[in-house]
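I opened a notebook page for this structure. I wanted to see how its parts meet.

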Amino acid sequence: MAASSAQAPKGHGMTDLAVTPVHPFIKGPMGLWIDGRSVEAQAEKVFDTLDPASGLVLGQLAQGETADVDRAVRAARVAFEGTWSRWTPYDRQTLLMRVHELVDQRFEEMATLETLDLGAPITRTLGLKSTVLQIIAYYAGQTTNVAGETLPNSLPGAVMTMTLKAPLGVVGAVLAWNNPLIGEWWTVCGVIASGCTAVLKPGEVASLSVLYMVELLRDAGLPDGVVNVVTGFGPTAGAALAAHPDVDRIMFTGSAATGRRIVAASASNMKRVQVELGGKSPDVVFADADLDRAVPSAAMSVFSNSGQLCVAGSRLLVQRSIHDEVVDRLSTFASGLRVGNGMDPEVDLGPVVSQQQLDRVMGYVNGAVPQGATVAAGGRRLLGDLARGFFVEPTVVSAVTSDMTIAREEVFGPVIAVLPFDDEDEALRLANDTEYGLAGGVWTTKLSTAMRMVHGIRAGTVWVNNYGLMDPAVGMSGAKLSGYGTKGSPAHIDAFLYEKCVYIDLE
Ligand code: NAD
């Protein structure tokens, strides 16, 4: 799709209403989802959600606030203490198997909705199907895999001692907008597999796939009240959920700044907390790497989803002897990518999600040059045919040093910062020269180098000779300012459970 660059137009179309519904799921204002039905917000407020490719209003969503969060938490508590608590692990497992079947049948509809709402290319959202199905299947298996221990004791008499694991109760989940199609399934599958109940607060700029998901869960036979959704804004709906005294565990995906507030709010009733935050992940390319594999992978680890990926390898560390070649190859790769409306199957990159995100990304790019960096490719907002949407060229910024803002802060856009290094020690020092610790990548043909980097990089997930492989049985994690708590792996289910120590006097 053709695209041209120039200055942003004034009065960007933020308030036009779409004339015809663009997806059968979007009909009129979309309600909150409480106790198995769609309901208006108590204050009857709504807000617009935009199509980032056109800037037009895609639909309207109920604007939930404190009273709505109260209602949703009450529904989740009643469900937790009601019939849901008598569902056996096998019952929950077969429910997840039905969910798997429905997702398999209806994924195209979900992917289309996500592309309209988030802007991500339809090839990308459709391509997430196998990951979503694998997540659901993995958690279906985990329902019957929860075990305590029988423990020896030194007590007098005949006393049997063991531990049991029990569901924590009501989970509050404040979600990010950047990848809801995956994030929502990580969350609800853990909730269902463990026997908890939940209230979800989606990211306000991309809530539609979460609302679609709860209708699908109802169709699969999930009892009313087990999973509820309150759409709305962070400082109101999100904050009310994070502080709610009847929420037992809070799961948060989003920025470190909000993460701090979530952790502080959890103290009121000692909620269990999982915070999955941002990143500034290093992707390290050594001179002996296979560049035919490394360059496209490094590029797409940032350009995919227009850079709105928590694990994006946004700091590309390149050994000096191949630095210029890598920058050239990256720039050629970036210039060859097609940017446009995500509904076009020929498109590689869609828009970023909002005007705010666009301004933020352009601010980082424009701010890098006065600090001494060079824009080697891209660097502009796309206008022409794409002027009404929020499109940014895939961008390569070189001559970056570790102290520059573009090397320190999360851009969350299609922007790669390239930093040179001389040897392994410097590569490791630069890789760890960040307050974040979400992920990292290493490209080398030397196993010894790879393993030293794997051990040395302080991050929750490290990839060698790939970037972004993910299996729910292995999971992903975080370190430092990127937060704590694992997604996937048996450890994830454990986080929805608490342990009871049981003493039985047998005499
Ligand atoms: P954000 O922190 O602005 O918002 C995240 C969520 O928190 C939204 O639902 C928002 O409404 C809510 N929120 C905002 N203020 C709140 C408050 N005061 N109290 C309670 N809730 C509040 O982040 P964002 O811009 O929506 O998301 C992008 C960030 O998420 C990036 O930093 C990205 O790296 C991170 N992210 C991390 C992961 C991971 O797994 N580590 C995954 C996806 C996104």
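**Entry 1: the domain interface.** I looked for salt bridges across the interface of domain 1 and domain 2, and the rule finds zero. I took a salt bridge as a side-chain nitrogen of Lys or Arg within 4 Å of a carboxyl oxygen of Asp or Glu. The model is predicted: local features need pLDDT of at least 70, side-chain atom pairs count only at pLDDT 80 or more, and totals for chains, interfaces and linings use all residues. Residues are numbered from 1 along each chain as its sequence is written, and side-chain values use heavy atoms, with hydrogens and water left out.

I then searched the interface for polar contacts (N or O atoms within 3.5 Å; within protein, one able to donate a hydrogen and the other to accept it, with residues adjacent in sequence counted only if both atoms are side-chain atoms). Eight residue pairs turned up between domain 1 and domain 2, both residues at pLDDT 80 or more.

Which elements give two or more residues to the side of domain 1 that touches domain 2? I found helix 2 (89–118), helix 3 (122–127) and helix 4 (129–142). Helix 2 gives the largest share, five residues. Helices here are DSSP runs of H or I with at least four residues, strands are runs of E with at least two, and both are numbered from the N terminus.

**Entry 2: domain bounds.** Domain 1 covers 32–277 + 482–502, and domain 2 covers 282–471. The bounds come from an automatic or database domain assignment. I noted 30 Å between the domain centres, taken over C-alpha atoms.

**Entry 3: salt bridges elsewhere.** I searched the whole structure and got 23 salt bridges. One of them joins the side chains of Asp 248 and Arg 77, at 2.8 Å from N to O.

Entry 4: I traced an open sheet of three strands, in the order 6-7-24, with antiparallel pairing. Strands pair if DSSP finds at least two bridges between them. Strand 6 (150–151) and strand 24 (497–505) are the edges, each pairing on one side only. Two bridges join strand 6 to strand 7 (residues 159–167). Leu 151 has Thr 161 in strand 7 as its bridge partner.
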